[in-house]
Amino acid sequence: MKNLCQNFDVRAKIPLKLGKPTWEVLFPRRLWFPTWTCEEKKLKTKCGEREGWIESAGKSAFGFGVSAALLCSVFGHSPAALAESLTVAFPVSRAPEVNAVQRTLVEAWGLIRETFVDPTFNHQDWDLKLQQTMVEMFPLNSADAAYTKIRGMLSTLGDPFTRIISPKEYQGFRIGSDGNLQGVGLFINVEPRTGHLIVLSCIDGSPAARAGIHQGDELIEINGERLDGIDSETAAQRLRGNAGTTVTVKVKDSGRGSYIREVKLPRELIKLSPISSAIIPHRSPDGHLTKTGYVKLSAFSQTAAEDMRNAIQELENQGVHSYILDLRNNPGGLVKAGLDVAQMWLDGDETLVNTIDRDGNMLPINMVNGHAITHDPLVVIVNEGSASASEILAGALHDNGRAILVGRKTFGKGKIQSVTELHDGSALFVTVAKYLSPALHDIDQVGITPDVQCTTEMLNSTKEISSSTKDKASVSSLEADSCIMVAEHALDMEESKGTAS
């Protein structure tokens, strides 16, 4: 997803006094591009008859002139904007593989410099941070060690969601977004307050689910390697692998205090269909038998919106009278998919979410002449595993008066990331904005509290209601789900008011 482009020049020079190559970076003081595009990034070098990123293997200070440039085209900037600039010089590694990672560092640093949500960069001099990291890279001999330096630099931003992943890890990320992968069926994320890797959910029927790993468990080790300081994408990559192989994990059980167990999991082909749907027969308090359309959305992949539209239309054709949208343990995904799904339930020009940029400017994202597929009553079920795009969708439907929220308080990730593929196939995730719900409720590290919680008392009450209104012989696994019972009760209460949610 090459969706961002930083205007900067990278030049290499060999100063006579130092006698060793350095890079000189020329970049604008501050640019903001509301609309941008990038051509395929091209690199040109001139070193006699040799080509490469940079000539660094001990050439004479008088023998070669070396130059390199990243070529980008950006909409919305003027040549004058590039006039005010700053030049920084730093040493070039003589190890070719480290040299290449230095280029990646310049790309990542430039993108963060122009787009990161905190313009103070966690109250540090971000330009100086580049120079320091380049100096630390200079004596290294491996790309892995150099990437570790980039990750260390990013960690100083104080934002666990701004991170870099390797080309192999990025391919795994894209496969997951596209809908298929080979692995164990775990969704994991870093808990911002502790830095621990927490299980958000297990895919039904997956190796992880069969092994009894549950939402809320903490991942401690993978194949004997501790996960301290490891981000979620790196951990997920270690869990993935060819079907038929195995991976051993240590897990701290969320329900048993400090109990840690070791589990050997087979890797399998995991189908990541984001949508499942069903019709739940429901007898209203006045005795009428109705149909409730149940839709579970497990992730916001590239196909989520289209699959959701097809599911709603099919349920409409079957004559449902109300809907339950289940977002439990949905860790998020593509924000655009969340906004597209929200528009299927809303009319007019409603605000879907409010974003706040690095300068504190708030920008509402509104529908334009929206037309809902259905106006039937709607309940959305959430829990502590509902994060990011799930919270955007839940907030949009709730704050616009379209849905009742049932369940437990959501995860609380109120940040939006851009994902940029860098020249070497790696990817940089940058937090570029914060978001508030349409009613201006803060979500980040707070979460969304449902209208009706699935408390023990409510569940017991609902089970009594259910036993008196359902034929026990026809109770399915969905109908026996306590939170779905609470949702059905909420739909009954809304219908008794004579209003649509």
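Which residues do ring pairs link into a cluster? The legends below start there.

This is a predicted model, where local features need pLDDT of at least 70, side-chain atom pairs count only at pLDDT 80 or more, and totals for chains, interfaces and linings use all residues. Residues are numbered from 1 along each chain as its sequence is written, and side-chain values use heavy atoms, with hydrogens and water left out.

**View 1. Phe116, Phe121 and Trp126 are linked into a cluster by ring pairs.** Rings of Phe, Tyr and Trp (its six-membered ring) pair if their centres lie within 6.5 Å; planes under 30 degrees apart count as stacked, over 60 as edge-to-face and the rest as tilted. By this rule the count comes to three aromatic pairs. One of them is the stacked pair of Phe116 and Phe121, 6.5 Å centre to centre with 15° between the planes. Phe121 also stacks with Trp126, at 5.6 Å centre to centre and 15° between the planes.

**View 2. Here we look at how buried Phe116 is.** Buried means under 20% relative accessible area, exposed over 50%, partly exposed in between (1.4 Å probe, protein chains only). Phe116 has a relative accessible area of 2%, Phe121 is buried at 9%, and Trp126 is buried at 2%.

**View 3. The charged end of Arg163 sits over the ring of Phe429.** A charge sits over a ring if NZ of Lys or CZ of Arg is within 6 Å of the ring centre and within 35 degrees of the ring normal. For Arg163, the distance to the centre of the Phe429 ring is 4.0 Å.

**View 4. Lys413 lies over the face of Phe161.** Here the distance from the ring centre is 4.3 Å.
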